[in-house]
Amino acid sequence: MSVPHALLALLTEGPKYGLQLREEFEAGTGEVWLLNVGQVYKTLGRLERDGLAESDDAGQDGPQKRYRITPHGADALAAWLRTPPDMTSPPRDELVMKVLVAARLPGTDAHEVIQSHRLYLLELMQQWTRLKEGEARDDLGLALVVDAELFRLDAVIRWLDAADARLRRAAAQPSRPGPVPAPVPQLRRLGARR
Amino acid sequence: MSVLQLRAVSKTYGQEPARVQALDGVDLSVQAGEMVAVMGPSGSGKSTLLTIAGSLEEPTSGDVLVCGMALAGMPEGRKARLRRRVIGYVFQDYNLLPGLTAAENAALPLELDGVAVPKARTAALEALEALGVADRAGRFPDQLSGGERQRVAIARAVVGDRRLLLADEPSGALDSVNADEVMRLLHEACQRGVAAVVVTHDAQLAAWADRVVVLRDGRVTGQTTRPPGPESLLVPEEIR
């Protein structure tokens, strides 16, 4: 979550006070992501230190200080927008871990584990869809955040379906001795170390 | 009273050793104003459930009731009237008649039921208006976009105050924006009192429903319970 870059983006619209930045950030995300005011001022302090933003005067931090983006800040923001985040290492995912464990644990029905989590995710999606149908119809920021969450949950459900199918196929195949496994590719080991 | 009730419905096809159990003891009840989504992998029995609910096929055992009327033993003429007056169908490939305009397609079920043409056309135009395609009333299906064709198909399914909507992958051939819009329109029809059963493999579309039922191997293996309102999602969590 790049709060510094989000604040820089708001500053491209013109000089703003800290509290104003907090309100606009929260409104821009449909009030789904909230910012602690202390964090806002800490982030602005770092932006100033790094030359990405500057303030009106050298007075005390607080609501009277107005901030603006510097040319260096504008370049940094443009570079951040163009640069994909590093997504090479899959995050440690509790649900993936649960399915892996359930598949190996004697006496555990992995399909039941998958089904119960699937139903929970569907119920969450129902709630987000109600929000999409209601408040998010007139709030673009909220609509974007709601869509992001729906697509994320949908992707998890699709993975659960795929995992369920894979486990069923594996259970249906007779066990047979396989070929000697090839050495683990170097890439995977590097990913694991990170 | 439930608009649709399935009680211990089973359906088998063929004989041993090639016997297929398409449905196995399915219970399902849908109230007026409720949308139920049915999800499941291919071969789980979803489409069979829909054809049985729509009186297009008979179960091997169990009871099917539409608006309290048992379909078992119902004469074919009465079933046909039920299909024209009470039940609306929405298919993935629209099934609009190419030689009829949008208004004529939407009016067709009423006209087949003996309703006078002017009255049927008025009802059709009202249904098209509710679905936002009244300005396309005079166009033929090949002059409409996929999303418009599906809206006309939904208008045809709800025209004349139908009580039960059965939709089989109604958004299947559409892009995600149009697919979402179709589900919104179906949900709005439910808010006007229609009961709907929607078969879909897509979780985002199923999430429009009040309840999601999961089928596997012809059995109901789970369903969502009525979730709390969306306000529970917005208990604010500060970003650290």
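Visitor: Where is B:Ala116 found?
Guide: B:Ala116 lies in the loop between helix 3 (102-112) and helix 4 (117-130) of chain B; helices here are DSSP runs of H or I with at least four residues, strands are runs of E with at least two, and both are numbered from the N terminus. This is a predicted model, in which local features need pLDDT of at least 70 and side-chain atom pairs count only at pLDDT 80 or more, while totals for chains, interfaces and linings use all residues. Residues are numbered from 1 along each chain as its sequence is written, and chains are lettered from A and ligands numbered from 1 in the order in which they are written.

Visitor: Is B:Ala116 buried or exposed?
Guide: B:Ala116 counts as exposed because it has 10 C-beta neighbours inside 10 Å. A residue is exposed if 12 or fewer other C-beta atoms, placed from the backbone, lie within 10 Å of its own, buried if 20 or more do, and partly exposed in between.

Visitor: What separates the C-alpha atoms of B:Ala116 and B:Thr60?
Guide: A distance of 38 Å, with the two residues 56 apart along the chain.

Visitor: On to the strands. How do strand 1 and strand 2 of chain B run?
Guide: Strand 1 (residues 2-13) and strand 2 (residues 20-31) of chain B run antiparallel and are joined by eight bridges; strands pair if DSSP finds at least two bridges between them. B:Tyr13 stands opposite B:Val20 of strand 2.

Visitor: And what is in the turn?
Guide: The two strands of chain B form a hairpin with six residues between them, and B:Gly14 in the turn has a positive phi of about 75°.

Visitor: Now chain A. How many helices and strands?
Guide: Chain A has eight helices and four strands, in the order α-β-α-β-α-β-β-α-α-α-α-α from the N terminus.

Visitor: At what angle do helix 1 and helix 2 of chain A pack?
Guide: Helix 1 (residues 3-11) and helix 2 (residues 18-28) of chain A pack at about 105°, with axes 10 Å apart; axes are lines fitted to C-alpha atoms over the stretch in contact, and angles run from 0 to 180 degrees between N-to-C directions. The two helices are therefore roughly perpendicular, a term for angles of 65 to 115 degrees.

Visitor: Which residues make the contact?
Guide: A:Ala6, A:Leu7 and A:Leu10 of helix 1 meet A:Leu21, A:Glu24 and A:Phe25 of helix 2; contact requires C-beta atoms, placed from the backbone, within 7 Å.

Conventions: Angles under 35 degrees count as roughly parallel, over 145 as roughly antiparallel, 65 to 115 as roughly perpendicular and the rest as oblique. Two residues are in contact if their C-beta atoms, placed from the backbone, lie within 7 Å.
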